Amino acid sequence: MTKLALDNHEREAVANDPWFSSLSATLRHDILRRAQVRRFPDAGVICRRGDPADAWLAVLAGAVRIGSHTPEDRQLTLRYIEPGVWFGEVEMFDLKGRPYDVLAHGDTTLLCVGREEMQEILVNHPEFCLALLRLQSQRMRQLYRLVEDLNTKSLRARIARQLSQLARTYGEPADAGSPEVRIALRLRQTELAGLIGCSRQRLNQELKLMERDRTIRIEHGGVVVRNGQALRQIYERASS
């Protein structure tokens, strides 16, 4: 890994993360000064399941796909990690290796803090331990909600929530002056279906119904959210 200076966009990605920005200035400075930058091309392998966990990671640009494979070698997508988000801290403590495959989605830049550096930060900054526990608590809540949705929500509600989240994280104006939002994270329907936990055929059916209702518009390689409020209401009605 080679030390590289961060550009303004990359610095903003880290600085704007709510969890990281809640840390003290001295702790943030110590993390960044010990970090190194790695860049990966689209579909580049960051690590494979079972690889030693040698670094704590944050996405600076692009996206990271967390996934695995079934015994039939079918690719499963568990989540996409957006710029500003740190991940991989659990494996730094349990010493059991990476529990998933990690691949770049688009040209991707990562910030990496090595195991020894992370241990030094923990020794020098007692608040870091509590901050990591807080980060894990947030993720456990997200996991509980995901499991609840899978067991209690309709497929349409799960799709609506996922599209809302993607639009919030990766959204950009579809056209100048238009309220429509294009999801800039380019996902094939097979990838989106894997993320939601359904077949591509069922996903396609629901997307076409949403398109007919003028809630979304399907484009080659992506989705445009035409009515974000209607999309959120689909999930909210399922939750009430």
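In this predicted model, R139 and E89 form a salt bridge whose closest N and O atoms are 2.4 Å apart. R139 belongs to helix α6 (residues 126-152), while E89 sits in the loop between β5 (86-87) and α4 (91-94), so the pair ties together parts that are 50 residues apart in sequence. Across the whole structure, a search finds 17 salt bridges.

Four strands form an open, antiparallel sheet in the order β7-β8-β10-β9. Its edge strands, each pairing on one side only, are β7 (171-173) and β9 (216-219). On average, neighbouring strands are turned by 30° against each other, direction ignored. Three bridges join β7 to the antiparallel strand β8 (residues 181-183), and G171 has I183 in β8 as its bridge partner.

R217 forms a salt bridge with E180, with 2.8 Å between the closest N and O atoms. Because R217 lies in strand β9 and E180 in the loop between β7 and β8, the pair ties together parts that are 37 residues apart in sequence. R217 is partly exposed at 24% relative accessibility, whereas E180 is buried at 12%. R217 also meets E219 in a salt bridge (3.5 Å, N to O); E219 is partly exposed, with a relative accessible area of 22%. Through shared partners, salt bridges join E180, R182, R217, E219 and R226 into one network.

The side chain of N204 contacts the side chain of Q189 at 3.0 Å. N204 has a relative accessible area of 18%, so this residue counts as buried.

Technical notes:
Residues are numbered from 1 along each chain as its sequence is written. This is a predicted model: local features need pLDDT of at least 70, side-chain atom pairs count only at pLDDT 80 or more; totals for chains, interfaces and linings use all residues. Side-chain values use heavy atoms; hydrogens and water are left out. Buried means under 20% relative accessible area, exposed over 50%, partly exposed in between (1.4 Å probe, protein chains only). A polar contact is a pair of N or O atoms within 3.5 Å; within protein, one must be able to donate a hydrogen and the other to accept it, and residues adjacent in sequence count only if both atoms are side-chain atoms. Two strands pair if DSSP finds at least two bridges between them. Helices (H or I, at least four residues) and strands (E, at least two) are DSSP runs, numbered from the N terminus. Axes are lines fitted to C-alpha atoms, for helices over the stretch in contact, and angles run from 0 to 180 degrees between N-to-C directions. A salt bridge is a side-chain nitrogen of Lys or Arg within 4 Å of a carboxyl oxygen of Asp or Glu.
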